[in-house]
Amino acid sequence: MNESIWEAARASRSWLDAANGTGQTELTCRILKLTEEAGEASAAWIGLLGQNPRKGVTHTREDVAAELADVAFTALVAIESLGLDAGTVLDACAAKVRSRLAG
């Protein structure tokens, strides 16, 4: 992935650290933020399908993709907030998936 993504994740973690501290409650909130972002992705998909008859079709595939990107980025920030390198953790996850696919 582009180095600017990792830089942005680290900068976001630093910004949150400075604004909110680094205690367990803050870390909990950063992890729970994933659920909030996932809910927004779900809402966008429902909007794309027009499943709410009152609202109709309200979102596009691009909207859904943007919300999914928010989920992914929020996860990177949460990993960095655990004191781990998000790139290393993501590489290990990808290797695990590749080995499952190969087996």
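1. In this predicted model, the radius of gyration is 16 Å, whereas a compact globule of 103 residues would have a value near 13 Å. The C-alpha atoms fill a box of roughly 45 × 45 × 25 Å along the principal axes, and 20% of the 103 residues count as buried.

2. The protein contains four helices and zero strands, so that the pattern read along the sequence is α-α-α-α. Among contacts between residues at least 6 apart in sequence, 56% join residues that are at least 24 apart.

3. Helix H2 covers residues 24-49; its 26 residues reach 38 Å from the first C-alpha to the last, which is close to the 38 Å expected at 1.5 Å a residue. After H2 comes Gly-50, which has a positive phi near 70°.

4. The buried residues of H2 are Glu-26, Leu-27, Arg-30, Glu-37, Ala-41, Ala-44, Gly-47 and Leu-48, and they pack against helix H1 (3-20) and helix H3 (61-81).

5. Ile-31 also lies in H2, but because its relative accessibility is 40%, Ile-31 counts as partly exposed, the range for that class lying between 20% and 50%. Together with Leu-82, Leu-84 and Val-89, Ile-31 forms a nonpolar patch on the surface, and the four residues have about 320 Å² of accessible area together.

Terms used:
Residues are numbered from 1 along each chain as its sequence is written. This is a predicted model: local features need pLDDT of at least 70, side-chain atom pairs count only at pLDDT 80 or more; totals for chains, interfaces and linings use all residues. Side-chain values use heavy atoms; hydrogens and water are left out. Patches are made of residues with over 30% relative accessible area and no salt bridge: like charges are joined within 9 Å, nonpolar side chains (Val, Leu, Ile, Met, Phe, Trp, Tyr) within 5 Å. Accessible areas come from the Shrake-Rupley method with a 1.4 Å probe; for residues, only the protein chains shown count as cover. A salt bridge is a side-chain nitrogen of Lys or Arg within 4 Å of a carboxyl oxygen of Asp or Glu. Helices (H or I, at least four residues) and strands (E, at least two) are DSSP runs, numbered from the N terminus. Buried means under 20% relative accessible area, exposed over 50%, partly exposed in between (1.4 Å probe, protein chains only). The expected span of a helix is 1.5 Å times one less than its number of residues. Contact means heavy atoms within 4.5 Å. The radius of gyration is taken over C-alpha atoms; the globule rule is 2.2 Å times the number of residues to the power 0.38.
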